[in-house]
Amino acid sequence: MHSGGNLPGRRANCERYPAVTAVHTPPRAAAESAVPPPAGPAWRRIQSAPFWPGPAAGILMLAVGLVRATGPVLSWDEVTTADVARRTGAQIWALIQNVDAVFGPYYFFMHFWTSMVGDSVLELRLPSIIMMAAAVGVTAELGRRLFSPLTGFVAGLMLCLLPNISRYAAEARPYAFACFLSVLALLLLHRALEQPGVLRWTGYGLAVLGLGLSHIVALATLGAHAAVLAVHLRANRTWKVAAVWATAVAGALLLLAPLALLGIRQQHQQISWIAPLTWETIRAAPADIAGTVETGWLIVGLALAATGRPARRHAEIALLAAAPLIVVALVSVLATPLWVARYLLFVLAPVTLLAAVATVGRPGLRRPRRAVRVVAVLVVLAFAALPGLTAVRGDYVKNGSDYRGAASIIESGQRPGDGIVYMANSRAQRAGIDYYLRGDAGRPRDLTLERPAAQVASLTAQEYPDAVPRVTGASRVWLFVYGKHDDPTWARLDLRPLLHKGYQRAWLWHLSRATLALYVQRGPP
């Protein structure tokens, strides 16, 4: 499984030649031969250090993830996270009986996290930033163990340069957790196959359990694990390992079964928006998953260059990259659509490992040529990634309206007695404004709200069936709707006659994917 370093494979190679005759060495010569050779250049000493790639790559990703982490406005899914995290444990439990069951473990985690740390934008996103940094670090460690320290570090650097790794590092959703637990499970599987033991297989089973709790689609990696196990069995001819692996996986899946069954019951609400899988979607997958066309195809091209090598480890990593995609594609075609780029971020770790193998080159490559090769590839990748890395840190890159801008306008222009109305059955509009005005005691009153979403165990609040009496009499009404419109009352046809006849539109603001208007009550004729 391994080459280089202090791995078990070294001793196995030495034991192939038992017939070598021992040669007597004079004491003085023996003493001199025991002295280690003079140290080489500093970079060679660093490269030979056993554990540096993982921590170095992880710390770098942590720094990258923190760059403008609070710049983008919260996405519509992130404001849902913020809303649910503020609920009680009982309210979260009631919610996941109706919707978002597969995100339930993440919601409980964020509830306890925000109760201890806070719920600012950085505090909401910090767990994902840490998890993505850990994912990059573990990927580098896996590369070090399977190939070389340099290969692991290059894989970590490549992950740091991929735009979507940065984007979803700073996303208050569980995708970074899935990336970390996915690559951790791969590392623990390899360790358990190398030296089986109860603790190692237990650790692997717990990683699989955590992976399913983070995102149920990420369990598609189990197809890759089965393929790696098959390669291992073909080489070692021991079926006991297969039985132990099956036991560990079965135990994790058994614990995950209630969550999975609840998610299946909710799929008409949870994933009905996912479009069917098409050839165009598959062709666009490298760009959609990596973040840009250039970085996606560059990484895929390098990975394909590495898969042509005959070594078993290369084939295993290729399986780890391809098998989950095949599993999700088959489920999407034969059962229900699941193909969403952000759901598949976890395949970037094995793909970049293969790309790093191709970049570092064969073991016999001269060091100067290897250094030039590595630097050249990383420079090209960085140049290709720079526009994407800048774009994912833009203020309005994420899905959803500019809740922050709208809240700022309302806060600066509000008056006592103001009311606010949202487009009908809005989940994110109300949650977004509520989040960004959460500390404002004088914010406008929600005129059409009958029961908050937390009280009805839903993501959408319950509004009064007849909103007209609730709005009539308010001196000023703010109206916040999705999209840009010259007349935002299209989103509240029930209130349109009242707002047109009884009120005068005083201001209209076009924001990113949103329109905010202020209506002032007309005086007596």
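**Aromatic pairs and helix packing**

In this predicted model, Tyr175 is buried, and Tyr343 is buried as well. The two rings form a tilted aromatic pair, with 6.1 Å from centre to centre and 35° between the planes. Tyr175 belongs to helix α11 (residues 175–194), while Tyr343 sits in the loop between α19 (312–334) and α20 (348–360), so the pair ties together parts that are 168 residues apart in sequence.

Tyr106 and Tyr107 are both buried. These two tyrosines are also members of one aromatic cluster, together with Phe103, Phe109, Trp113 and Phe177.

Aromatic rings also meet charged side chains. Arg438 lies over the face of Tyr435, 4.0 Å from the ring centre. A second case is Arg470, which lies over the face of Tyr464 at 3.8 Å from the ring centre.

The text now turns to the packing of helices. Two packed helices are described by the angle between their axes and the distance between the axes. For helix α18 (residues 293–307) and helix α21 (residues 367–391), the axes come within 8 Å and cross at roughly 155°. Angles over 145 degrees count as roughly antiparallel, so α18 is roughly antiparallel to α21. On the α18 side the contact is made by Glu294, Thr295, Leu298, Ile299 and Leu302, and on the α21 side by Val377, Val380, Leu381, Ala384 and Ala385. Sorted by class, the contact of α18 with α21 has eight nonpolar residues, one polar and one charged.

Helix α13 (residues 221–236) and helix α14 (residues 240–265) give a second example: their axes come within 10 Å and cross at roughly 170°. That angle makes α13 roughly antiparallel to α14. From α13, the residues in contact are Leu222, His225, Ala226, Leu229, His232 and Leu233; from α14 they are Val241, Ala242, Trp245, Val249 and Leu253. The contact of α13 with α14 divides into nine nonpolar residues, two polar and no charged.

Terms used
Residues are numbered from 1 along each chain as its sequence is written. This is a predicted model: local features need pLDDT of at least 70, side-chain atom pairs count only at pLDDT 80 or more; totals for chains, interfaces and linings use all residues. Side-chain values use heavy atoms; hydrogens and water are left out. Buried means under 20% relative accessible area, exposed over 50%, partly exposed in between (1.4 Å probe, protein chains only). Rings of Phe, Tyr and Trp (its six-membered ring) pair if their centres lie within 6.5 Å; planes under 30 degrees apart count as stacked, over 60 as edge-to-face and the rest as tilted. Helices (H or I, at least four residues) and strands (E, at least two) are DSSP runs, numbered from the N terminus. A charge sits over a ring if NZ of Lys or CZ of Arg is within 6 Å of the ring centre and within 35 degrees of the ring normal. Axes are lines fitted to C-alpha atoms, for helices over the stretch in contact, and angles run from 0 to 180 degrees between N-to-C directions. Angles under 35 degrees count as roughly parallel, over 145 as roughly antiparallel, 65 to 115 as roughly perpendicular and the rest as oblique. Contact means heavy atoms within 4.5 Å. Ala, Val, Leu, Ile, Met, Phe, Trp, Tyr, Cys and Pro count as nonpolar, Asp, Glu, Lys and Arg as charged, and the others, Gly among them, as polar.
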